[in-house]
Amino acid sequence: MLVAPSILSADFGKLDNEIDAICKAGCDLVHVDVMDGHFVPNMTIGPVIVDAVAKVATKPLDIHIMVENNNFFIDLLAPFKPEYLSFHYESENHHNRIIQKLRNLEIKPSIAINPATNIDVLEYMIEDLDMVLLMSVNPGFGGQKFIPNVLEKAKKLKEMIERKNPNCLIEVDGGISDKNINELKQAGVDVVVAGSYVFKNDYKTAIESLKV
Ligand code: DX5
Ligand code: ZN
């Protein structure tokens, strides 16, 4: 299992120390949540902070945008060269256009799916994706309760991936801890995002407990 701590739960007063600490504690990716106050009822960080994060991080960035205007935010964030960028299925009308834009920028494209959205919508896009991000909470805030229907969705998605694009990863985001990590592994999940669980515990112990 790859582990991507969400810096939404970090102490932003000492962000450089926090990023350095999770990288040294053995995380695989640094998950960065960008929200616009429109697609989700919260605002987090923009390009100024992502720039600061990118300068300190020694692990690749995994940016998750929860915004209405994907095109605009991708232009703002592309200079920080994330490894993956996830945009929401629910906020976009022209998915293929955004996927192609990310490819042209040499960023691995990923689509994020809300808890209530059926994964069948990916049937004709899965071949073009490097990752799918299944939300296990409604996006907007850290520290929410895990919604278990994601386990069934991950299993169905795994079948689709095996059929159509075996290299595509499954990432799950929201409410993840040592309590549900084994079920996620069994469901075929490759990457977990964990915010409050990592930042409220000893970083190294928490990250290691998720590497099942
Ligand atoms: C929620 C964000 C998540 C969040 C996860 O909208 O996408 O990445 O920070 O936080 P926890 O692990 O606390 O649920
Ligand atoms: Zn996220």
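Me: Which elements supply at least two residues each to the lining of the largest pocket?
Reply: A pocket is an open set of points on a 1 Å grid over the protein atoms alone, with protein on both sides within 12 Å along at least five of seven lines, and lining residues have an atom within 4 Å of a point. Helices (H or I, at least four residues) and strands (E, at least two) are DSSP runs, numbered from the N terminus. Here, strand 2, strand 8 and helix 7 (196-199) each give at least two lining residues. Bear in mind that this is a predicted model, where local features need pLDDT of at least 70, side-chain atom pairs count only at pLDDT 80 or more, and totals for linings use all residues. Residues are numbered from 1 along each chain as its sequence is written.

Me: How many residues line the largest pocket, and which lie nearest its centre?
Reply: There are 23, with F141, G142, G143, D173 and G174 nearest the centre.

Me: What sits in the largest pocket?
Reply: Ligand 1 does; to count, more than half of a molecule's atoms must lie within 2 Å of the grid points. Strand 2 (30-35), strand 3 (61-66) and strand 8 (191-194) each give two or more residues to the shell around ligand 1. The largest share, three residues, comes from strand 2.

Me: Which residues come nearest to ligand 1?
Reply: Near means a heavy atom within 4 Å. Of the 20 residues around ligand 1, the nearest are G140, G143, D173, G195 and S196.

Me: Which backbone atoms lie by the oxygen atoms of ligand 1?
Reply: A polar contact is a pair of N or O atoms within 3.5 Å. A backbone N or O atom of G195 is 2.7 Å from a ligand 1 oxygen, and one of G175 is 2.8 Å from a ligand 1 oxygen.

Technical notes: Chains lettered and ligands numbered in written order. Heavy atoms only, no water. Polar contact = N/O pair within 3.5 Å; in protein donor to acceptor, adjacent residues only side chain to side chain. 1 Å grid on protein atoms, 1.4 Å probe; cavity = no way out; pocket = protein on both sides within 12 Å on 5 of 7 lines; lining within 4 Å.
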